[in-house]
Amino acid sequence: MLSFPILVILSLSALIMRTTATPYPTYPLKPFFLVTTPQRTPSANSSLLPSVSATCLFDPYHQPNFLLRLAGPGYGSLPNFTLTDGTLHTTIYNFGPPATGTFEFNSTTVLEGQELQFLAAPQGSGKLGLQGGYLLAVDGAVEGWGICIGELGQSVIKWKSADASCNATYIQAVAKPPY
Ligand SMILES: *[C@@H]1O[C@H](CO)[C@@H](O)[C@H](O)[C@H]1NC(C)=O
Ligand SMILES: *[C@@H]1O[C@H](CO)[C@@H](O)[C@H](O)[C@H]1NC(C)=O
Ligand SMILES: *[C@@H]1O[C@H](CO)[C@@H](O)[C@H](O)[C@H]1NC(C)=O
Ligand SMILES: *[C@@H]1O[C@H](CO)[C@@H](O)[C@H](O)[C@H]1NC(C)=O
C-alpha cells in the first residue's frame, strides 16, 4: 500500500501534467505559409509584421533532407504547408537528385541545435504545433527558433542553436504570403 506522502506526490504530479499538457491546436487546417518575424502577436495582414520574411525549402547540396530558408521578395512560388499529427507537410517540385518530380515533403523530428528539416518520406507523429493557431511551437515551446547562416550563405531556420550568430525569431503560420 502506498504511504500518504507518496499519494500526495502522485496526485500533485498528475495535476501538473494535466495543467501543462495542453493539446496542440490543429487549426488552421487550410494550407498556410510560414514566415519569420520578431513579433509574437499575429497580424491580420502578414505584410505588416515587422521584419517579416517568407520561407521556402532548400537543399544545399542536393541532399535528401531539405531545410527551411528565408525567401525574399521576388521568389517565384512560395510553398504552403499543412500540419497534422505534429508534422508539417508541403508539396514541392524537386529538380532532383535523388528524384525529379512533385513530392510531399514531411518535417522530421526537430532536434536541438539542428535545422528544421524535411524529407520526401513518411514521418511518424512529430512535436510541432501551432500555438494559438498560428505560432509554430516545438512541444509547446514557441521560443528557440533562430535565423542562422547556413550552407552556401543562406539564412536557414534552426531550433535552439548554440551558434551566437543566429537571430532569434518567431515563426508564424499566415494565410497569405507577406509579398
Ligand atoms: C497589407 O499591407 C500591405 C502593406 O501595407 C498593403 O500593400 C496590402 O494592400 C495589405 N493587404 C490587404 C489585404 O489589406
Ligand atoms: C499550395 O501548394 C500546392 C502545391 O504547390 C498548390 O497546388 C496549391 O494551389 C497551394 N495552395 C495555396 C492556398 O497556395
Ligand atoms: C509524407 O507523409 C505522408 C503521410 O503523412 C505520406 O502520405 C507521404 O507519402 C509522405 N511523403 C513521401 C514522399 O513519402
Ligand atoms: C542578425 O541580425 C543582424 C542585425 O540585423 C544582421 O546584421 C545579421 O545578418 C543577422 N544574422 C542572420 C544570421 O540573419
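Reply: Let us begin with strands, which are DSSP runs of E, at least two residues long, numbered from the N terminus. This model is a predicted one. Within it, β2 covers 53-58 and β3 covers 66-71, and His 62 is placed in the loop between them.

Me: Where is Asp 139 placed, and what is its phi?

Reply: Asp 139 lies in the loop between β10 (135-138) and β11. Its phi is positive, about 50°, although Asp 139 is not a glycine. Asp 139 counts as exposed because it has 12 C-beta neighbours inside 10 Å.

Me: Which residues surround ligand 4?

Reply: A residue is taken as near a molecule if its C-beta atom lies within 6 Å of it. Around ligand 4 these are Ile 147, Cys 148, Ile 149, Ser 155, Ser 165, Cys 166 and Asn 167. Strand β11 (residues 145-149) supplies the largest share of this shell, three residues. By class, the shell of ligand 4 holds four nonpolar and three polar residues, with no charged ones.

Me: How many charged residues does the shell around ligand 3 have?

Reply: The shell around ligand 3 has one charged residue, besides four nonpolar and one polar. Its members are Phe 103, Glu 104, Asn 106, Ala 120, Ala 121 and Pro 122.

Note on methods
Residues are numbered from 1 along each chain as its sequence is written. Chains are lettered from A and ligands numbered from 1 in the order in which they are written. This is a predicted model: local features need pLDDT of at least 70, side-chain atom pairs count only at pLDDT 80 or more; totals for chains, interfaces and linings use all residues. Helices (H or I, at least four residues) and strands (E, at least two) are DSSP runs, numbered from the N terminus. Ala, Val, Leu, Ile, Met, Phe, Trp, Tyr, Cys and Pro count as nonpolar, Asp, Glu, Lys and Arg as charged, and the others, Gly among them, as polar. A residue is buried if 20 or more other C-beta atoms lie within 10 Å of its own, exposed if 12 or fewer, and partly exposed in between; C-beta atoms are placed from the backbone.
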